[in-house]
Amino acid sequence: MLKLCPVCRTPQLSKVLLESNLPAFACPRCEGEWISADDYWAWLEHQDDIPPEPPADGPPLQVSDNQQATLCPDCRCLMLKYRVGHELSFYLDQCSRCQGLWFDKNEWASLKRRGLHDEVHKVFSAPWQAKIRANERQKKVDQVYLNTIGAEDYVEAQRVKQWLDQHPQRDVLLSFLNSG
Ligand SMILES: [Zn+2]
Ligand SMILES: [Zn+2]
């Protein structure tokens, strides 16, 4: 069966080797990459034998994150989008049926730089997604504190909090501070 690019729709995907043991299909137009679930898991199993590469430095790669409804190149089912988090702003597309993976241009490369490419399967899990939401909530809370207290005092308050949190007499100190 022809594999059509889920983003451009028309060009046929062509076979490439994404990593030494990871066959994939690439779109010649948008440069996105498709990996079947089986190929990903087979590659991941083999990854245990290979020492992890140190994350690469360099300026962030230009990712072209698609925002449209995408259909799986293998089974033509709808693909679902999942946020990656970890300061990466793009979404990954996973087929809702065969669990194949679509990476827009440079998404795989960006994940690889952060050493997250062998954790891709976790991105689609509930705990991973819950953690992204929890981090976001915490950031919002911190922002409100920062806006209310002001930048200078916020830094000082953070310093005091850190000191308090690791102090063996933390509860007594808190009680003292509250005693008026
Ligand atoms: Zn394409
Ligand atoms: Zn599929």
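Strands S5 (residues 88-95) and S6 (residues 101-103) are joined by two bridges and pair in the antiparallel sense. Strands are DSSP runs of E with at least two residues, helices are runs of H or I with at least four, and both are numbered from the N terminus. Strands count as paired if DSSP finds at least two bridges between them. In this pair, Gln94 stands opposite Leu101 of S6.

The model is predicted: local features require pLDDT of at least 70, side-chain atom pairs count only at pLDDT 80 or more, and totals for chains, interfaces and linings use all residues. Residues are numbered from 1 along each chain as its sequence is written, while chains are lettered from A and ligands numbered from 1 in the order in which they are written.

The open sheet holds six strands in the order S1-S2-S3-S6-S5-S4, with antiparallel pairing. S1 (14-19) and S4 (79-85) stand at the edges; each has a single partner strand, so one side of each lacks a neighbour in the sheet. From one strand to the next, the twist averages 35 degrees. Angles run from 0 to 180 degrees between N-to-C directions, with axes fitted to C-alpha atoms, for helices over the stretch in contact.

Helix H1 (residues 37-47) packs on the sheet. H1 touches S1, S2 (22-26), S3 (33-35) and S6. Contact requires C-beta atoms, placed from the backbone, within 7 Å. The direction of H1 makes about 145 degrees with that of S2.

S1 and S2 run antiparallel and are joined by five bridges. Two residues lie between them in a hairpin. Val16 stands opposite Ala24 in S2.

Conventions
Contact = placed C-beta atoms within 7 Å.
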